[in-house]
Amino acid sequence: MPVELLKEVEDEVTHFLRELIRINTINPPGNETVAAKYVTESLSNDGFQCDFFESAPERGSMITRLKGTGEKPSLLLLSHLDVVAADAKEWSVDPFGGVVKDGFVWGRGALDMKGMTSIEVMVMKLLKRTRVKLKGDVILAATADEEQGGLSGADYLLRNYPEKIFAPYVLNEGGGSAMPTGNGNVFTVQTAEKGILWFKVKAKGTPGHGSMPNMADNAIMRMNKVIAKLGNYQSQVSLVTTVKKFLEEIARQNSTLKEPFTRLLTNPELSDQILDELAKTAPQLAEEIRPRLKMTITPTIVHGGVKENIIPSECEAVFDCRILPGQESAQTIELIKALLSEVDSEKLEFEGIQTQQPSESTAETPLYTTIANVLQEFEPNCGVTPMLTTGGTDSRFFRRKGSVCYGFHPMYPETSSGKVIKLEHGIDERISTKNLIFGTSVLYETVKKFMT
């Protein structure tokens, strides 16, 4: 029997998402409890038993499960309820209005990631309503705090209630989007993510009068050198398994990229040169690939100076460093300190802010195979590829405990008057009702096939 789009879910999944967007969960402060209770209430109406948890006042998460026979390992459908800030003045609609127009549901979180929460909730309801005979448990968790690091959400639940939330397989955000190529679409599955190393550097100097620059030691000038040193540092290229597979699959699907990607795979050390050439014809793609091949260090905050005519004795800068799977944060810190000592070992202080290890799951699993097979039923000529994201997700907590985690929110590129729109964390974030139907249909088939 050929698979079909579940058009009948449109009204229900759209309504659920609209109501979820209307609950403002900007993090900080989060206030996810109201949203977690809304999800709980909606599932309870379908006869689900839900557990509700607060890691702190108003920082709520919820978990529910459909029991299977235990013949297969359990699967967790994971999402987070918090969103990033939205400035209403910049939007053309109310970011928390849950507006439906032009075939889209508009609002902060529509893509990141209340849209996927809605799809996962819909899939749970469909599995129950159609009485699918599950061979393993299917768990759903909608959690707090992902946008601020997940310590009060997924991490808190894994540490305190592992028996409720842990599963050997996890589906979460981070992948699933189709990339159009010459030969049809290539769907991505997030199998890896970079790690985070946030740190601060303080530069010391000697104050003096702004009119006598040579009589003082200007901390801002010293920080200039630090920013130049770290910001321009060219780290070694490292082709991790996920990125190798990604380049191979795209090269197979798109004849115009075959030549540059094959060169990249055989001579990774020439990546900058190869990507500079690619940038002439495909600038966005080239810049998407570049940070996936090496560690990056980016200055993001600078503070220094107290008055117009005083040369400052202190200046500090914050840096966002991202490391690849296989790279260690401890070694990276040593490298950064060595670079700083080349600038000035005496008058610079290093301070770590936050570290999160990178993580990677293998694509050689029955779940990955099921995802690929289901996508090819919906679109026979499509490709499927593993992908590394440069940003982090809650999947890292589960990978650390041994779970296989995939970022998989199936969707076609959102277009507006023929142009692809990228709107996660952006102005006028929105998801099409077409994609809500497509996402629900693909995820439902994937879970059903994998768990029966």
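User: What makes strand E3 (residues 75–80) and strand E7 (residues 169–172) count as paired?

Analyst: Two strands pair if DSSP finds at least two bridges between them, and three bridges join E3 to E7, running parallel, so the pair meets that definition. In E7, Tyr169 is the bridge partner of Leu75. The strands themselves are DSSP runs of E with at least two residues, while helices are runs of H or I with at least four, numbered from the N terminus. This is a predicted model, in which local features need pLDDT of at least 70 and side-chain atom pairs count only at pLDDT 80 or more, whereas totals for chains, interfaces and linings use all residues. Residues are numbered from 1 along each chain as its sequence is written, and side-chain values use heavy atoms, with hydrogens and water left out.

User: Which residue of strand E6 (residues 138–143) stands opposite Leu78?

Analyst: Leu78 stands opposite Ala141, and E3 and E6 run parallel, joined by six bridges.

User: Why is E3 called mostly covered?

Analyst: Buried means under 20% relative accessible area, exposed over 50% and partly exposed in between (1.4 Å probe, protein chains only), and six of the six residues in E3 are buried. Leu75, Leu77 and Ser79 point one way, Leu76, Leu78 and His80 the other.

User: What does Val447 touch beyond its neighbours within four places in sequence?

Analyst: Val447 is in contact (heavy atoms within 4.5 Å) with Leu75, Leu77, Val123, Leu127 and Val138.
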